[in-house]
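Colleague: I would like to learn how to read strands, helices and chain contacts. Could we go through them slowly?

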Amino acid sequence: MLRPTSPDETIMFATGAKSKGYAMVDTSRDIFLRHEHQVAVSYAGLRHASFGALGCTFEGCDFSNMRPDSISFASGREPTQYRQCRFDGSRFKKVIAGQARFEKCTFLDVDIRGLFAHSAEFIDCVFSGVLRTSVFFGRVFGNDQKDVPRTVNEFRGNDFSAMKFIDVGFRQGIDLSLQRLPEGDGYLYLRNAGQKLASFRQKYTQQPPSKRRQEVFEFLKRPEEEVRDGQVDLFMCKDSEPLLSRDAVDAIWDELR
Amino acid sequence: MNGLGNAGTVDRGYVVDPILCTKLGICTPQAPQSLGDTVGNYVLVASLITGAGELVGGGELTAKQIIENVSRAERAQGLQYLKGFLSPAEARLLSNPKMAALTIGKAVHRATARALDRLYPGRFKYFETRGMDFLDKTKNKLIELATEAQKAYKMRKYGVGPEDVATYIP
């Protein structure tokens, strides 16, 4: 079937024009698995189709070089487990993590965008490539709380050191000391962030009003909220500050380091 | 008897438009369970948005109705909940008046996609990039999700009718 699309929404809005094009939607190659236990099965190279799994277990399966339209690692209200699976070279754009549990999996040279791991668990996984616009949660978040008997997402032993993070966050109590994280100018790792942020705020509260003080207070909102929400150590990406100039972020980070 | 027939238990996490509830005859008024519930003060029968998607008393829900109900329930859970569907940079944009509405819309779309996948596994396909938002694979039906204010524009944009646009309250 054809799906109406528009190349540029701004132009469409200005002109009041109808859809300028159509994209072919073919669901015949979509894969959706229910309650299967698969060992050493390969889905490598899947393209132009979606992939979903409900209540499945995968052991030693190959999900490498995939370019799915969308992927649901754990669909429905049940967990799906991936043990020693390979996702190397894959690009995942529209990701639903669900109650997925990944153990000893490799995500080498991947490009993942939009991963919100509300109830997903990652144990001893190795990552490289790029991760964009994504958040990992230490506690089960949202509607998944109704389905999941546990409250905490297990998240340990993961190696992100060779991965580039673009606008990635860790929230609600992920123990960052149990992971290997990327290093560099684009990242800020604050151990015991609550204490550091409090003294930083105190310092600027005592200063007279200035542009810098305003920027500092604006900057502090999000990390302070994350600390209140249970995240003890903070990991921040410079790309995650769209409202402040790069110079302002650099100066604030230099003070916090 | 709670007026819900044998539809099952009431899911207190979902709040829907009371007018819609009354029209469908499937809801019972409840006291607000939390601050997030104050939007409607009504709870939705779990089976409305779960299981086979059948209305209490018969009649199958259309894809538009399902998406509309789910998106409204997701939006009604409040901003703090929706922040869970935003990256750190996107969450920052909520404090920018020019970007806030767009950012909330993005969160509602993602939350709806996740909720549909949770409640109707394998049935809906979500297209986050340009074009109509959801495909109901069982009916081969495309549905656009928009605010009420955007509805006419979206219909014009895609050349579709009102039955193809599900709306939520921003």
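Colleague: Across which strands of chain B does helix H2 lie?

Modeller: This is a predicted model, in which local features need pLDDT of at least 70 and side-chain atom pairs count only at pLDDT 80 or more, while totals for chains, interfaces and linings use all residues. Residues are numbered from 1 along each chain as its sequence is written, and chains are lettered from A and ligands numbered from 1 in the order in which they are written. Helices (H or I, at least four residues) and strands (E, at least two) are DSSP runs, numbered from the N terminus. Helix H2 (residues 63–76) of chain B lies across S5 (134–136), S6 and S7 of chain B, and it runs at about 20° to S7(B), where axes are lines fitted to C-alpha atoms, for helices over the stretch in contact, and angles run from 0 to 180 degrees between N-to-C directions.

Colleague: In what order do the strands of that open sheet in chain B come?

Modeller: Two strands pair if DSSP finds at least two bridges between them. In chain B the order is S4-S5-S6-S7, with mixed pairing, and the edge strands, S4 and S7 (165–168), each pair on one side only. S6 (residues 141–147) and S7(B) are parallel over 4 bridges, with Ala146(B) opposite Thr167(B).

Colleague: How many residues of chain B are in contact with chain A?

Modeller: Residues are in contact if their C-beta atoms, placed from the backbone, lie within 7 Å. By that rule, 34 residues of chain B meet 44 residues of chain A.

Technical notes
Two residues are in contact if their C-beta atoms, placed from the backbone, lie within 7 Å.
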